[in-house]
Amino acid sequence: MGKVVVVGGTHGNELTGVYLAKKYGWLIANPKAAELSKRYVDEDLNRCFAMSKLSDSHTKQSDCGSSLRGALAANQSKDGTQKSYELRRAQEINEILGVKGSANSPDLILDIHNTTANMGITLILSARDEFLLKIAAIIASEFTGIHIYLQPEERAESPYLGTIAKRDICIEAGSQVHGTLNAKLFLEVEAVVLRILELANTDFLACQTLQHCTGGSTIVISLPVYTETCNVDYPRDENGNITAMIHPNLQGKDFCELKKAMPVFLSFDGKEILWEGEDCYPAFINEQAYYEKGIAMSLTKREILEFNLIK
Ligand SMILES: [Zn+2]
């Protein structure tokens, strides 16, 4: 595979990626937030990579004759308001990495994140892509506690950093308190990233798809895959205040089955709220950064994919 880019610190307080990026000289996507150990400075960087958002300024910059007008334009949005630090940084990253949607864009981006949810190491794939699923299957067979999470995206308007590349894997690792390090998770994520790099840099794909490798034995890997279906917010009052917490029985139960009538929330006066929806597998349960986004958990459906791989 051609151009592979590893990124950490897209969220500045997710320290596994920040310190892995420092160790290996990988890109720290949001250096200002990383310095402050904050998720972001002005807005969530990982919501700034839709084509329409990235293109905000390109025409203005190239239209401007003087460098002063160019500099002003680069700092302003189409509507004349000041651009956020993250939007400017997203546009800069897009230029550095080779421009989303162009032939020169990276072939693969690995973007390292942490979550306060108990998700182990979760590989989030933004497309149901055979090559990525095979890499995921191998990782899941070689490491313990790996989950594969599909979040199919309309690539051009997807806001995530990884979508600059032709393919991407977002690596979520938790549970970890934002702004802290966890040595065990750090070492596990490091090993997973290095193994993905190894797989991406061999003739692995050609070998697996053309089936022309000789001397290898075929193994069947059954891979549980969780596809995101929707997000669920906390119960709220008419003023938007949260009125219940994640139920203790659900806390930490990411990727476990949630069935009808099981408790999901517990109100501040101890009343249980039971699940009334379809059976599903929640993830990102009680993620700290999602309180502001109105997300208590994301729901997924589970399926088993089978892969014949040549070892
Ligand atoms: Zn993150």
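1. A residue is called buried here if 20 or more other C-beta atoms lie within 10 Å of its own, exposed if 12 or fewer do, and partly exposed in between, with C-beta atoms placed from the backbone. F284 is buried, having 26 other C-beta atoms within 10 Å. This residue is not a glycine, yet F284 has a positive phi of about 50°. F284 belongs to the loop between β11 (281–283) and β12 (297–310).

2. On the basis of the model: it is predicted, local features need pLDDT of at least 70, side-chain atom pairs count only at pLDDT 80 or more, and totals for chains, interfaces and linings use all residues. Residues are numbered from 1 along each chain as its sequence is written.

3. Overall content. The protein chain has 9 helices and 12 strands; these are DSSP runs numbered from the N terminus, helices being H or I of at least four residues and strands E of at least two. The chain has 311 residues, of which 38% count as buried. Two residues are in contact if their C-beta atoms, placed from the backbone, lie within 7 Å. Among contacts with a separation of 6 or more, 69% involve residues 24 or more positions apart.

4. The sheet. An open sheet of 9 strands runs in the order β2-β1-β3-β6-β4-β5-β7-β12-β11, with mixed pairing. Its edge strands, β2 (27–28) and β11, each pair on one side only. Strands count as paired if DSSP finds at least two bridges between them.

5. Helices on the sheet. Helix α1 (residues 15–24) packs on the sheet and touches β1 (4–8), β2, β3 and β6; its direction makes about 130° with that of β3. Helix α7 also packs on the sheet, touching β4, β5, β6, β7 (218–232) and β12, and its direction makes about 90° with that of β12. Axes are lines fitted to C-alpha atoms, for helices over the stretch in contact, and angles run from 0 to 180 degrees between N-to-C directions.

6. Strand β4. This strand (residues 120–125) is mostly covered, with 5 of its 6 residues buried. β4 pairs with β6 in the antiparallel sense over 6 bridges, and L125 has I169 in β6 as its bridge partner. With strand β5 (residues 146–150), β4 pairs in the parallel sense over 5 bridges. T122 is bridged to H147 in β5, and I121 stands opposite I146 in β5. β4, helix α7 (residues 130–142) and β5 make a right-handed β-α-β unit; right-handed means that, with the strands pointing away from the viewer, the path from the first strand over the helix to the second runs clockwise.

7. Helix α6 and what follows. α6 has 13 residues and reaches 18 Å from its first C-alpha to its last, close to the 18 Å expected at 1.5 Å a residue; the expected span is 1.5 Å times one less than the number of residues. Its buried residues are E86, L87, R89, A90, Q91, I93 and N94, and they pack against α3 (51–54). Just after α6, G98 takes a positive phi of about 115°. V99 has a positive phi of about 75° although it is not a glycine. V99 lies in the loop between α6 (85–97) and β3 (108–114). Is V99 buried, exposed or partly exposed? V99 counts as partly exposed, with 14 C-beta neighbours inside 10 Å.

8. A cis peptide. The bond joining G174 and S175 is cis, with omega about 10°. S175 is in the loop between β6 (167–174) and α8 (183–200).
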